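Biologist: Please take me through the features one at a time, with the general idea first and then the case at hand.

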Amino acid sequence: MPNHAPTTALTCANTPQDSHEPRSTAVVLADTLPQRAALARQHKTSHLTFLQQLLADEVSRRESSSAARRSAKAGLDPAMRIDTWCAADDLRYDRTLLEDLTTLRFIDAGHSAILLGPVGVGKTHLANALGHMAIGRRKTVLFARADKLFHRLKAARLDNSVDAELRRITAVDVLVIDDFALRPLDATETNDFYELVVERHQAKTTIVTSNREPAEWLTMTADALLAQSAIDRLTSRAHTLVIEGPSYRQRHRPGLDRPDPAEHPQ
């Protein structure tokens with residue numbers, strides 16, 4: 001290979017861009033050009049391989065950008081990913097089951113997942129993380145806190161769009177319902193929960209996080225018979241991960257640094 005790396009007409013990299021306009025492919029390719037050029041010189045890379053590496057960089061960038069947009073649209077927390085979930089030593093859970101869930105085989109099989117445990121053990125974080133991973137597999141995802149999800153459906157009744165809203169929610173590949181049964185469900189919410197579970201049963205994946213066991217969910221609904229029918233369907237095809245331990249939030253409480261008694265004798 002010549003002593004210089006292949007050159008391309010990327011002089012527009014220094015051209016000012018309007019902040020509201022997407023950056024051109026040439027501008028973005030220029031971001032990785034110096035590093036790729038240095039590696040090309042070092043490894044005597046052919047012109048064709050050099051170009052293939054630049055194009056691979058662009059494909060990777062577009063995939064990442066697309067995933068970020070779809071994750072935001074899905075309502076996922078960008079900071080809650082599997083690589084940012086740090087389980088404390090005193091958390092107790094089935095590690096083999098968690099590893100299996102992160103393969104997303106349960107989504108491919110049309111199964112669901114229920115994440116149970118007290119407050120602050122990372123249920124919401126893991127649910128978000130699974131959602132991000134599903135986005136990476138080109139699945140459609142919707143993340144919603146239970147109370148906000150049911151409120152959305154109630155609001156849709158005001159303009160007679162509830163059927164369309166139910167169809168939209170039912171159609172997503174992965175529906176994540178966070179903090180389910182944290183507070184009682186009224187008759188309308190119980191009915192909506194039933195409709196969502198029944199319509200998605202054996203076809204789509206639902207991930208639920210809750211501080212309560214499924215047996216307790218019945219006591220939080222307005223119609224135990226209707227709720228039991230929904231819960232039976234959901235749990236029959238769900239993998240249940242129970243996480244036990246102290247709240248991570250309590251580990252990070254702000255506090256004053258205690259003075260060293262040797263430096264400040266009483």
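Modeller: Let us begin with burial: at 0% relative accessibility, W217 counts as buried, where buried means under 20% relative accessible area, exposed means over 50% and partly exposed lies in between, with a 1.4 Å probe and protein chains only. This is a predicted model, in which local features need pLDDT of at least 70 and side-chain atom pairs count only at pLDDT 80 or more, while totals for chains, interfaces and linings use all residues. Residues are numbered from 1 along each chain as its sequence is written, and side-chain values use heavy atoms, with hydrogens and water left out.

Biologist: With which residue does W217 form an aromatic pair, and what is the angle between the planes?

Modeller: A pair of aromatic rings is described by the distance of the centres and the angle of the planes. Rings of Phe, Tyr and Trp (its six-membered ring) pair if their centres lie within 6.5 Å, and planes under 30 degrees apart count as stacked, over 60 as edge-to-face and the rest as tilted. The structure holds three aromatic pairs; in one of them, F180 and W217 are edge-to-face, 5.0 Å centre to centre with 80 degrees between the planes. This pair links distant parts of the chain, 37 residues apart, with F180 in the loop between β3 (174-178) and α8 (187-200) and W217 in helix α9 (residues 214-217). Helices (H or I, at least four residues) and strands (E, at least two) are DSSP runs, numbered from the N terminus. F180 is buried as well, with a relative accessible area of 2%, and ring pairs link F180, F193 and W217 into a cluster.

Biologist: Over the face of which residue does R95 lie?

Modeller: A charge sits over a ring if NZ of Lys or CZ of Arg is within 6 Å of the ring centre and within 35 degrees of the ring normal. Here R95 lies over the face of Y93, at 4.3 Å from the ring centre.

Biologist: Turning to the sheet, in what order do its five strands run?

Modeller: Two strands pair if DSSP finds at least two bridges between them. The five strands form an open sheet in the order β2-β3-β4-β1-β5, with parallel pairing. Its edge strands, β2 (141-145) and β5 (238-242), each pair on one side only. Neighbouring strands of this sheet are turned by 10 degrees against each other on average, direction ignored; axes are lines fitted to C-alpha atoms, for helices over the stretch in contact, and angles run from 0 to 180 degrees between N-to-C directions.

Biologist: How many bridges join β3 and β4, and how many residues of β4 are buried?

Modeller: Four bridges join β3 and strand β4 (residues 205-210) in the parallel sense, and V174 has T205 in β4 as its bridge partner. Strand β1 (residues 112-116) also pairs with β4 in the parallel sense over four bridges, with A113 standing opposite I207. In a regular strand the side chains alternate between the two faces of the sheet. Both faces of β4 are covered, since T205, I207 and T209 on one side and T206, V208 and S210 on the other are all buried; six of the six residues of β4 are buried, so the strand is largely enclosed by the rest of the structure. I177, found in strand β3, is buried with a relative accessible area of 3%, and I177 and I207, 30 residues apart in sequence, are 6.2 Å apart in space, C-alpha to C-alpha.

Biologist: Which residues of α10 are buried, and which are exposed?

Modeller: The expected span of a helix is 1.5 Å times one less than its number of residues. The 13 residues of helix α10 (residues 224-236) should span 18 Å, and the end C-alpha atoms are 17 Å apart, which agrees. In α10, A227, A230, I231 and L234 are buried. They cover an arc of only 100 degrees around the axis, which puts them on the same side of α10; the arc is that of the directions from the helix axis to the C-beta atoms. L225, D232 and S236 are exposed on the other side of α10.

Biologist: What is the phi of Q202, and is Q202 buried or exposed?

Modeller: Q202 has a positive phi of about 65 degrees although it is not a glycine. Q202 is found in the loop between α8 and β4, and is exposed, with a relative accessible area of 55%. R138, in the loop between α5 (123-136) and β2, has a phi near 70 degrees, again a positive value in a residue other than glycine.
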